[in-house]
Amino acid sequence: MTLTFSAVPLFGAASVVAVKSRASGPGAAVLLFLFGFFTAGTGAYEPIHDLVASFADFLASFD
């Protein structure tokens, strides 16, 4: 069974947790960048979306 969902709510929830816990580090910075990026949908959408999609495919291949 395949489950699909939008990245915006996922990164949004994780961003709220990172901000509330006052996490400051490279992981939190990447998380907040991805949330803002997917929310705004800028012109750089394709390369960053492809990178995130390939990483998700990589993680899914560990079945």
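Let me begin with a question: is the crossing of H1 and H2 left-handed or right-handed? It is left-handed, and by that I mean that the near helix is turned anticlockwise from the far one by less than a right angle, whereas clockwise would be right-handed.

Some housekeeping before the rest. Residues are numbered from 1 along each chain as its sequence is written. This is a predicted model, in which local features need pLDDT of at least 70 and side-chain atom pairs count only at pLDDT 80 or more, while totals for chains, interfaces and linings use all residues; side-chain values use heavy atoms, with hydrogens and water left out.

Now the overview. The chain has three helices and zero strands, where helices (H or I, at least four residues) and strands (E, at least two) are DSSP runs, numbered from the N terminus. Read from the N terminus, the order is α-α-α. The C-alpha trace spans about 35 × 30 × 20 Å along its principal axes. Of the 63 residues in the chain, 16% are buried. Buried here is under 20% relative accessible area, exposed is over 50%, and partly exposed is in between, with a 1.4 Å probe and protein chains only.

Back to the pair I opened with. H1 and H2 pack with their axes 9 Å apart, at an angle of about 140 degrees. Axes are lines fitted to C-alpha atoms, for helices over the stretch in contact, and angles run from 0 to 180 degrees between N-to-C directions. The two helices are therefore oblique to each other; under 35 degrees would count as roughly parallel, over 145 as roughly antiparallel, 65 to 115 as roughly perpendicular, and the rest is oblique.

Who touches whom? On the H1 side the residues include Phe11, Gly12 and Ala18, and they meet H2 residues including Ala28, Leu31 and Phe38. Contact means heavy atoms within 4.5 Å. By class, this contact has 12 nonpolar, three polar and no charged residues. The nonpolar class is Ala, Val, Leu, Ile, Met, Phe, Trp, Tyr, Cys and Pro; Asp, Glu, Lys and Arg are charged; the others, Gly among them, are polar.

Take Gly12, in helix H1. Gly12 is buried, at 12% relative accessible area. Its C-alpha atom is 5.9 Å from that of Phe35, which sits 23 residues away along the chain.

Next, H2 and H3. Helix H3 covers residues 45–60, and its axis comes within 11 Å of that of H2, crossing at roughly 125 degrees. That makes this pair oblique. H2 passes H3 in a left-handed crossing. Phe33, Leu34, Phe37 and Phe38 in H2 meet Tyr45, Ile48, His49 and Val52 in H3. The classes there are seven nonpolar, one polar and no charged.

Leu51 is exposed, with a relative accessible area of 58%.

Last, the core. Which residues make up the largest nonpolar core? There are eight: Phe11, Ala18, Ala28, Leu31, Leu34, Phe37, Phe38 and Ile48. A nonpolar core is a set of buried Ala, Val, Leu, Ile, Met, Phe, Trp, Tyr and Cys residues joined through side-chain atoms within 4.5 Å. Beyond its neighbours within four places in sequence, Ala28 is in contact with Ala18 and Ala23.
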